[in-house]
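Biologist: I am new to reading structures, so please pick a single part and take me through it slowly. After that, show me how the same way of looking works elsewhere along the chain.

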Amino acid sequence: MAGSQWELPPELCCRPMAFVALTGLDVVYNAVHRAIWDAFCANRRADRVPISFKVLPGDHEYPKCRTKRTSYEWYIPKGILKTGWMNKHLNLVPALVVLFYELDWDDPQWKEKQSECATKVEIVRTSLQGRNTKVAVVLIQKKTPLPPGEDLVASERAQALCHSCDLSGKSLFVLPHTDHLVGYIIRLENAFYEHAQTYYYTEIRRVKSHKEFLNKTTHQLLFVRHQFKIAFFSELKQDTQNALKYYRTAYSLVHELRAHETNMLEIKTMAGFINYKICRLCFQHNTPLDAIAQFRKHIDLCKKKIGSAELAFEHSAWMSKQFQSFGELFDEAIKLGLTAIQTQNPGFYYQQAACYSQDRKQLALQLCQEVSNYITYKTHYPSPDPLDTQGAGLDFYGQRPWRQGQQSIDPPDAEKEKTGILALQIKERDVPHSELIIALLSNAVAQFKKYKCPRMKSHLMVQMGEEYYHAKDYTKALKLLDYVMCDYRTERWWGLLTAILTTALRCAYLMASIKDYVIYCMELLGRASTLKEEQKSRIEKNLIKVLTNEVPDAEPECDPSSVSAARSLWNDRMALAGSNELTIEVQDYIPFIQCKAKFQSPSFHVDQPVQLQVFLRADCPHPVSFGKLAVSLSNQEYNQWCVAEWSGQEAMSLLPGKTTCYNFSFVAKTEDVGKKIEMTGIEVMLGGDSGRCVFVSWRGAGGDAASAHEALQASRCSRRWGRNIEARQELDWDSLTMQHSTMIISRVPKISVQLSHQPPALTNEMYCIKLTVQSQEEAMAKDVKLTAGLKPGQDANLGQTTHVTLDGSKVCDDSAPSLLPDVPLGELKPGEKLEKCVYVKCVSTGPRVFLFHVAYSIDTTVEGRQIMCKCHKDETVTIETLVPFEVSVKFVSTKFEPLDRVSVDIPFLLMTDILSSSPWPLLLTSSSLQLLTVTSNTPQLQSQLQEVVLQTGECASECFCLRCPPQTNINNTVATGQYLLSWRRNSSSPDSPLIQTIVSLPHVVLEMVPLYIHADLPSFGRVRESLPVRYHIENRTALVQEVEMAVEPSDAFMFSGLKQVRLRILPSSEQEMLYNYYPLMAGYQTLPQLNISLPRCPTFSTQALKRFLPQRIFVKPQGRQLDDASIAAA
């Protein structure tokens, strides 16, 4: 029977919705009616009530209602569920019929239209005779109705219309055709939904009322039927919780039925329907675990209910459909928001469905074998057709067409039963089993790919490929198998890979695909193949036949009819001219020839021949010969030196399991110095000119899909068993490493480069680095060039603060570069020595790396070829730069007291200290001041540091007396100028340039004093001897200043003079005050304090004047007069 027999009916799979029929609408010719219909059915949102609307004519004939049974005493049911029952209640028998009629309350022909409306309602009731279907009337009106109670005419006429139509007030509706049509339609829908709910509730009660008439002896089928109907009506009523409860009851009852071969299919069919409903509702209620548990229970209960042994394939088909349906439900739930996991996803159910389809295929092959013989003998299909139902279809789900309605244990007609089974077997033979299996496997693969289960995906893709092979679609089979083989090579499943390769080889043979056939032969002969030796020998012979342009023998287990067609294809392929060359890249396969190549060194000097080795090894049972070996390099000019060709009897032969080495060498070109040469490919030519040439090609330095893992294993073994490996005489293939690239480096220079200097360098000095180059070459070095300076790649700031020059006679400026490139030095004869001085000026401190690059050219001979080599020698040196000295500057008063402010036109001192931090002696040649706002207090400024040599840690000091002129603009702070020092290393030559260091002097804060006072006094006093002190008081303002002076008494002095006095001093005038102090004690004594106040300058602090006055003086003790006696005693 066709595969569609097992498809679930669409009325079972859809969501049941209340069926409401709309009559009286002319949706074709009446625009208003069309708008109403569109509002009902177009763009329905999910929040609208679940109703299925259908427009029917007013005189539509509804299904007739059968006579109600009053007793079930002698009634024997013929089946569980009629095939048309669900469709009848979904699409044929409405829960509500709505009559639309255009009638306004103020219509002038009200009576006539009222009567016409009542007639139409009566026609609808007549067509629904015996049904509990509700009837409602909707009046389409042009005007918007008034609120209830306000329009008395409308109320009276509505009552009259309800009376004439025999309707309740709840079944009469008004639909104004206004701008708010959709809103009125939604309100109408809700009212219709309530009427439909009432109808289905009545139907449920009607079915439940039959239960009291049933007995469990003869009415078992009716118990299942009634529970299913109640559940289905509950679904139509949208009461899914009760629907699930009744479906569960129906499921339990269906498994309580007495099962035998004649009704097994019906029981399983109904069990499958009910299980589908239960699982669907569980997913709908977001209880997926309940759905899975129900499905597992369903499978456990049904998997052994096979039925007739001659139709066992039907059970596998039914089981396959159960798993497929559940997988579809599961997938639909996921799309609606359910979350699945790797171990529980729809893919497993699709996979199991495919497994049962494969079982169905196998059973069909076994059970239909005799059918084939029978058909051959009888030459015709059974007649009359036992499966023909005269176009009416089955009455009950799951029954046989030749014995519908029969519930007896034994078939009523054995001959009919036999011919019916035979017809089913004949139909089954024509079912495209492979297509069904492939579709299910494809769904499973999509799911496993979605949930990241790569191994399950690969496993199922292999099965899909095998099914395509059985379906004789070899192209798709080969495409799938080739895709999967990559994964099995990577994960090293050699047994699985061999099985897949064997199937792929059959496909390639049956397609006569020469390239694919050669590839799979090569891989099945390789080390990854688990085939026996005799099988490999057969494959190798076939491969040799293809290479000699002969037709290979057929692969075992191929379909005989396909083999004959394949031979014809092979003959056509062999006859074609111009297709005798094939190139096969085997990097991603595991061929029977292994290849590894390496350069003998990671780098070669340009004056050395570049040497490389190619290792080949054959894994096939018999020797294999090849005619050409070629290595391709990144620089194709070298390829001509890396080719080995043999012809005829001289063809090279690879022995099984033996490693053969081939050596190549060539001379690199001088322009390739500093470049990398890589192997881009290796090619081995199998076959010859007389047959077919197959170029086996490897990318890079060889290796294949299994080489990386084998090399890793070999390295582990070599560490563990290193001594044994060293003792082996023969090359160990796994221990061979590949070196796919080499670097061409310049010839080894035979010159010496020496640097002589005295580190560290000092800031801003011309630091001399002496370079000595001596040739040790046997020939003349030509075009010698020097690149000297800061090594590239360092901090960018160093490049701006480093200057290099060859002229050491003067200090270079900031325009000098940090690197001098390609300074020509001429030629160097063998043994000749060359000296050059390079001067470096470092503006900032810190370490720097300097590069001295000496390049030259020289003629040399390599393997009889004259080449000019460019050589170079690099020397680098790291030089630390230090500050030569630290300069500290301070301003002090004439009493050497620190100043925070400088008074205008009053002398002060500038003190400079130079502290040497150089490890080398420094010669300070001179110093000078460049003054801005201040002037010197002496006629000439002379350096006090001329030709002074400072050792490490020594300090040199200078003192300058300065004054700020009175004309200076008094700001808060002013710049004073710069201090200049000229110096060089003491060890440098006298003609070396002097370095000038400029030190900016600190800014000073100026102040203006109205009164300046200073004292003239001796440098010391003596006890009890007069000490004259003269005070000079100078008015610095333009005003007459009153000055109050008072001298405080002191214990160390007596004094004579005015103790307290008040003076007036004219502008720019000076007043002198003379005091005679009489010291009373020896030592450093504090002079009597002179207190001065300026009444006319109350804001001026007189404490500032005290810093101009001497505070202390040294008093010597009184001398003794020596007499003659003391002298004589002495």
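Modeller: Happy to. Let's begin with a word we will need: two residues are in contact when they have heavy atoms within 4.5 Å. Please also keep in mind that this is a predicted model.

The part I have picked is valine 546, and its place is in helix 20, which covers residues 533-547. Is valine 546 buried or exposed? Buried means under 20% relative accessible area, and valine 546 has 0%, so it is buried. Which residues surround it, once neighbours within four places in sequence are left aside? Valine 546 is in contact with Ile514, Tyr517, Val518, Pro552, Trp570 and Arg692. Aspartate 704, for its part, is 158 residues from valine 546 in sequence, and their C-alpha atoms are 23 Å apart in space.

One of those contacts, Ile514, leads us to helix 19, made of residues 514-524. Glutamate 523 is found in helix 19 too. With a relative accessible area of 1%, glutamate 523 is buried. Leaving out residues up to four places away in sequence, glutamate 523 touches Arg489, Leu497, Leu501, Ser529, Tyr589, Ile590 and Pro591.

Aspartate 672 lies between strand 13 (659-667) and strand 14 (676-686). Aspartate 672 is in a loop, and its relative accessibility of 6% makes it count as buried. Not counting residues up to four places away in sequence, its contacts are Asn635, Tyr638 and Ile744. The side chains of aspartate 672 and asparagine 635 are joined by a polar contact of 3.0 Å.

Helix 15 runs over residues 433-450. At 1.5 Å a residue, its 18 residues should span 26 Å, and the end C-alpha atoms are 26 Å apart, so the two values agree. Its buried residues include Ile437, Leu440, Leu441, Ala444 and Phe448. What covers the buried residues of helix 15? The cover includes helix 11 (312-335), helix 12, helix 14 (414-429) and helix 16 (454-470). Just after helix 15, lysine 452 has a positive phi of about 55°.

Helix 12, part of that cover, passes the length check as well: its 22 residues (346-367) should span 32 Å, and the end C-alpha atoms are 31 Å apart, which agrees. At its start, a side-chain oxygen of asparagine 345 comes to within 2.7 Å of the backbone nitrogen of glycine 347.

Strands can be enclosed too. Seven of the eight residues of strand 4 (residues 134-141) are buried, so this strand is largely enclosed by the rest of the structure. Strand 3 (residues 96-102) runs parallel to strand 4, and seven bridges join them. In this pair, valine 98 stands opposite alanine 136. To get from strand 3 to strand 4, the chain passes through helix 4 (residues 110-127), and this β-α-β crossover is right-handed. Strand 4 also pairs in the parallel sense with strand 5 (residues 172-176), over five bridges. There, isoleucine 140 stands opposite leucine 175.

Finally, a look at some backbone angles. Most residues other than glycine have a negative phi, and most peptide bonds are trans. Asparagine 286, with a phi near 60°, sits in the loop between helix 9 (264-284) and helix 10 (288-302). Its relative accessibility of 58% means that asparagine 286 counts as exposed. Aspartate 783 has a phi near 50° and lies in strand 20 (residues 781-790). This aspartate is partly exposed, at 44% relative accessible area. As for peptide bonds, the one from proline 759 to proline 760 is cis, with omega near -5°. Proline 760 is in the loop between strand 17 (751-756) and strand 18 (761-762).

Methods: Residues numbered from 1 in each chain as written. Predicted model: local features only at pLDDT ≥ 70, side-chain atom pairs only at ≥ 80, totals over all residues. Heavy atoms only, no water. Buried < 20%, exposed > 50% of the residue type's maximum accessible area, 1.4 Å probe, protein only. Helix = DSSP H or I, 4+ residues; strand = E, 2+ residues; numbered from the N terminus. Pairing = 2+ DSSP bridges. Right-handed = clockwise from strand over helix to strand, strands pointing away. Polar contact = N/O pair within 3.5 Å; in protein donor to acceptor, adjacent residues only side chain to side chain. Expected span 1.5 Å × (residues − 1).
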